[in-house]
Amino acid sequence: MIYDIEYETMPREALEAIQFRRLKATLDRGYASVPFYRKQFEAAGLTPGDIQCLQDLQRLPFTTKQDLRDNYPFGMFAVPMENVVRIHASSGTTGQPTVVGYTARDVDTWASLMARSLMAGGATRGDIIHNAYGYGLFTGGLGAHYGAEKLGASVIPVSGGNTKRQVVIMKDFGPTILTATPSYALHLAEVADEMGVSFRDLKFKYGIFGAEPWSENMRGDIEEKLGLVAVDIYGLSEVIGPGVAMECHEAKKGLHIFEDHFIPEIINPETGEVLPYGETGELVFTSITKEAFPVIRYRTRDITSLNPEPCICGRTMVRMNKVSGRSDDMLIIRGVNVFPSQIESVLMEMQNVEPHYQLVVDREGSLDILTVMVEVSETMFSDEVKTLQGMEKEITKNIKDYLGVSAKVKLVEPKAIARSQGKAVRVIDNRKI
Ligand code: DLL
């Protein structure tokens, strides 16, 4: 059974009453079972009984990625190991991986959240879902898989990689929904093309893409190339995995946060001050139903803003705008802050530019040098050098005009930039080596 759908359109007041009840239970569990959370309460001079309304949550300290690392691997679990039925871990690209656990009920909650996400993204029981998110420690594959089964759709557990074989499956089995990272979806289309298969002739209706930032312009490009409606799905291992927030296919304008399970806040990343709706800052989550791995005011490092306006789909749950990037992915180039997705937006506005790019940051003396490597279409490359130079100049100018940052632009041949089977590697920061 997919439960909880009734919460999606609930009046605010009723939802908040439920949130508060669930929050209290989570705080009690954290305080009683996780030494780290007990210490956090003690440091703030509080006990769970002092939290008497939703607003009071703000009195508690934040939990950071470092806190999870310090308790590696199982120190944050709130239930005995015998009640943990599943373990996942984040990729650990920015350091030691963080390990998360689920009870049987957590797995069921997550499956329902993913079923609701797939539904919001246009999927129904009658659909065949080609699930190209990686299976394994990464939460994408199994998260989407359980959600698809819960929904009652037919899921093809193809995972990432083996791309040519995937194209054959897509042609022969006729899946109608694609779940993948946006960059891998583009790679699938590219390989299909090489094999003489046009993605647009396949049966796909919706693509449910997430796990990495992708700009609005990238969405346009993907929809055009793949011939489907592309919707955004957000989540992170620490909070549950995919299914924390989901765009509805009706509006495609921001992702509804499943507030019956997660309480969002936006904070100023420097001061920790809680910001009002509409202001941009770092997203913070408190889980209110998870048993094995509750998180209290977890700082995601993802940058976005919240939008409480009613949505045409009828959901009353607050929306988060597309994530522009992670605070730790933000490049500071000679004092100017830039997110890779902002550069992506500029690139995707231009003709003859392919949606494959990489940013390389070097330091020469005390100067930061940003090089934007971007693929251009086949036809451009066979053109005269002069045309390419003109194009480099134009991109450099657009980046300067829109983002205020000077970059070196290097046009490269189609397929010169390595493709990934999961999250794309957009930044190579040689300053960190
Ligand atoms: O990426 C979970 C997921 C799987 C989400 C499949 C969506 C689809 P992690 O590997 O823990 O979990 O990485 C979480 O990825 O903090 C964001 O920085 C980024 N991220 C996830 N979804 C989006 C999105 C999964 N839609 C981290 N837009 C998060 C932008 C995203 N960034």
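This is a predicted model: local features need pLDDT of at least 70, side-chain atom pairs count only at pLDDT 80 or more; totals for chains, interfaces and linings use all residues.
Figure 1. A nitrogen atom of the ligand lies 3.3 Å from a polar backbone atom of glutamate 212. For proline 213, a polar backbone atom is found 3.5 Å from a ligand nitrogen atom. A polar backbone atom of isoleucine 233 is 2.7 Å from a nitrogen atom of the ligand. On its own, the ligand has 600 Å² of accessible area, of which the protein covers 95%.

**Figure 2. The shell of residues around the ligand.** The ligand is surrounded by 20 residues, and the closest are Asp232, Ile233, Ser237, Asp302 and Lys423. By class, the shell comprises 9 nonpolar, 5 polar and 6 charged residues. Strand β7 makes the greatest contribution to the shell, giving 5 residues.

**Figure 3. Secondary-structure elements at the ligand.** A nitrogen atom of the ligand is placed 2.7 Å from a polar backbone atom of isoleucine 233. Two or more residues of the shell around the ligand are given by each of the elements α5 (139-151) and β7 (229-236).

**Figure 4. Packing of helix α6 against helix α7.** Helix α6 spans residues 163-173 and helix α7 spans residues 182-194; the two pack at an angle of about 80°, and their axes are 9 Å apart. Because angles of 65 to 115 degrees count as roughly perpendicular, α6 is described as roughly perpendicular to α7. On the α6 side, Thr163, Lys164, Gln166, Val167 and Met170 take part, meeting Tyr184, His187, Leu188, Val191 and Ala192 of α7. The contact of α6 with α7 has 6 nonpolar, 3 polar and 1 charged residues.

Notes:
Residues are numbered from 1 along each chain as its sequence is written. Side-chain values use heavy atoms; hydrogens and water are left out. A residue is near a molecule or strand if one of its heavy atoms lies within 4 Å of it. A polar contact is a pair of N or O atoms within 3.5 Å; within protein, one must be able to donate a hydrogen and the other to accept it, and residues adjacent in sequence count only if both atoms are side-chain atoms. Accessible areas come from the Shrake-Rupley method with a 1.4 Å probe; for residues, only the protein chains shown count as cover. Helices (H or I, at least four residues) and strands (E, at least two) are DSSP runs, numbered from the N terminus. Ala, Val, Leu, Ile, Met, Phe, Trp, Tyr, Cys and Pro count as nonpolar, Asp, Glu, Lys and Arg as charged, and the others, Gly among them, as polar. Axes are lines fitted to C-alpha atoms, for helices over the stretch in contact, and angles run from 0 to 180 degrees between N-to-C directions. Angles under 35 degrees count as roughly parallel, over 145 as roughly antiparallel, 65 to 115 as roughly perpendicular and the rest as oblique. Contact means heavy atoms within 4.5 Å.
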